[in-house]
Amino acid sequence: MKTMKIALCQMEVIDNKTANIEKAIKMIKDAKKQNADLAILPEMFNCPYENEKFIEYAEILDKSETLNKISKIAKEENIYVLAGSIPEKVINENKKNSENNKHNENNENNNEKIYNTSCLFDNNGNLIGKHRKVHLFDIDVEGKITFKESDTLSPGEKITTIHTSNFGKIGIGICYDIRFIEQSRIMALEGANILIFPGAFNLTTGPAHWELLFRSRALDNQVFTIGVAPALNKNANYNSYGHSIIVNPWGEVVAQADYDECIIVQDINLDEIAKIRSEIPVLKNRRTDLYEIKK
């Protein structure tokens with residue numbers, strides 16, 4: 001039986017980067033004390049979920065105070081860590097293209113970008129993969145909530161499946177990405193048995209859709225789906241729904257938090273995937289002659 005122990009670190013995020021990093025490190029240590037193989041942090045775990053704060057807190061990955069400390073603790077504690085997400089600053093990413101096309105009217109905007117980026121570290125502290133949020137959260141629910149990530153953030157350009165030496169392939173998305181069924185399906189077809197979405201649904205979309213979406217993507221693809229959110233901070237301008245969750249390939253909720261800060265440590269049995277796929281062979285029975293799947 002192939003099992004792994006996963007820790008959902010539902011931490012309260014405040015307007016203090018140092019305090020947030022210290023809290024994340026403490027939760028990772030606590031997860032290791034409970035023999036977790038993988039600790040998962042929330043979306044924007046070092047930063048309040050606000051466009052202005054994305055700019056203020058943004059870090060260049062190879063110079064990132066946040067990620068350097070997460071890498072260090074992953075190695076010290078001998079534990080895999082998915083560093084939820086942070087605002088990633090990229091400067092002059094398209095400098096070469098700008099030099100080759102001086103008349104490109106977008107060149108000035110290409111000099112600096114900010115992405116919502118998730119990084120996976122192995123138990124030696126090595127960065128083994130990253131995902132930039134593909135679908136930006138631009139929504140306007142009448143009378144309830146309006147938010148536009150694209151005012152500050154740029155979208156990622158790839159779907160992310162990461163190979164791990166210990167647990168096989170893991171698919172990574174971020175929050176709003178889970179609403180797009182094609183992304184999860186492609187990750188599953190690429191061999192991911194676990195789909196992880198650090199997220200920060202709010203008090204409008206969370207009660208309505210959070211659990212439903214994780215159960216749906218698990219059932220669609222017969223995989224484990226995992227969501228890790230910040231705890232509800234009533235003093236924040238954006239209120240996270242919390243309710244970090246694990247769903248199995250049968251579509252059942254294995255574990256779920258409430259609104260408060262907590263760590264949930266849960267064993268999952270990866271052998272369940274093959275069993276369920278043999279009983280109801282959804283992926284095998286796809287009619288690819290009738291619809292196109294990009295591979």
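These legends walk through a few views of one predicted protein model.

Residues are numbered from 1 along each chain as its sequence is written, and side-chain values use heavy atoms, with hydrogens and water left out. Because the model is predicted, local features need pLDDT of at least 70 and side-chain atom pairs count only at pLDDT 80 or more, while totals for chains, interfaces and linings use all residues.

View 1. The C-alpha trace spans about 55 × 50 × 45 Å along its principal axes.

**View 2. Buried residues make up 54% of the 295 residues.** Buried means under 20% relative accessible area, with a 1.4 Å probe and protein chains only. Contacts (heavy atoms within 4.5 Å) tell another part of the story: among those with a separation of 6 or more, 70% join residues 24 or more positions apart.

**View 3. Strand β8 covers residues 160–164, and its side chains alternate.**

**View 4. β8 and β9 form a hairpin.** Three residues lie between the two strands. Strand β9 (residues 168–172) pairs with β8 in the antiparallel sense over five bridges; pairing requires that DSSP finds at least two bridges. Look for I162, whose bridge partner in β9 is I170.

Notes
Buried means under 20% relative accessible area, exposed over 50%, partly exposed in between (1.4 Å probe, protein chains only). Helices (H or I, at least four residues) and strands (E, at least two) are DSSP runs, numbered from the N terminus.
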